[in-house]
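Please view the sequence and the structure before reading on.

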Amino acid sequence: MSLCLEPAPPARRRRDEFAAGGAQAARPRPLCLGEFVAANYGRLMQALRGHLGCPDLAADSLHDAWLRVAEGGAAPAPAVLNPGAYVFRMACNIAIDRLRAERLPGAAEVIWDDIEDTAPGPQRIAQARSSMRGVLRLIEAMPRQQREIFIGVRIEGMLQSEVAARYGVSGRIVRRHLRDACRHVESQAARLRA
């Protein structure tokens, strides 16, 4: 079933007519909800067409509601004080369920098609691991004090003054070791890329 795009006929009766009792107030109450739907099918259909704006959807929803209440065949429960409003709301809920069922499969396909998988593939993971091993080899090849200062500042995130105090050197020596270590790593990385 597709979404109906034709204009709805003008509604002459309002759906709140059922809540107020409307024309049914003078009539005796039907024995069961199925009989009520059969006796008031035209009025219910007209109210649903006006509310839903689609005659096909209104007809299908009211028919499904009639099938549901007719299968029960029981007299209306005391909780159903207004069978017209009850059946009208049931048909509206059925229409909403139908529209949702039509809309969801297409929407899910569009959503999943638009999402790009940003997770690295096996080749990219292997390249990253290889690059990491290369960087670790470069760091291990540095002189001990230069390597420890580089790891302390660049990897562990320590302040240069903290590294200077830890190793008992001046801030100037820490800056020089960092400069030399960064130049060494960058030159070796550029060599590997080329």
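This is a predicted model: local features need pLDDT of at least 70, side-chain atom pairs count only at pLDDT 80 or more; totals for chains, interfaces and linings use all residues.

Helix α3 itself covers residues 41-52. Several residues of α3 are buried, namely R43, L44, M45, A47 and L48. An α-helix has 3.6 residues a turn, so residues three or four places apart point the same way.

## S61 in helix α4

Helix α4 is made of residues 55-72, and S61 is part of it. Is S61 buried or exposed? S61 has 0% relative accessibility, and because the cut-off for buried is under 20%, S61 counts as buried.

Apart from neighbours within four places in sequence, the residues in contact with S61 are L52, A91, I94, A95 and R98.

## Helices α7 and α8

Two packed helices are described by the angle between their axes and the distance between the axes. For helix α7 (residues 144-155) and helix α8 (residues 160-167), the axes come within 9 Å and cross at roughly 140 degrees. The crossing of α7 past α8 is right-handed.

Which residues meet here? From α7 come Q145, E148, I149, G152 and V153, and from α8 come Q160, V163 and Y167. Sorted by class, this contact between α7 and α8 has four nonpolar residues, three polar and one charged.

Technical notes. Residues are numbered from 1 along each chain as its sequence is written. Side-chain values use heavy atoms; hydrogens and water are left out. Axes are lines fitted to C-alpha atoms, for helices over the stretch in contact, and angles run from 0 to 180 degrees between N-to-C directions. Helices (H or I, at least four residues) and strands (E, at least two) are DSSP runs, numbered from the N terminus. A crossing is left-handed if the near helix is turned anticlockwise from the far one by less than a right angle, and right-handed if clockwise. Contact means heavy atoms within 4.5 Å. Ala, Val, Leu, Ile, Met, Phe, Trp, Tyr, Cys and Pro count as nonpolar, Asp, Glu, Lys and Arg as charged, and the others, Gly among them, as polar. The expected span of a helix is 1.5 Å times one less than its number of residues. Buried means under 20% relative accessible area, exposed over 50%, partly exposed in between (1.4 Å probe, protein chains only).
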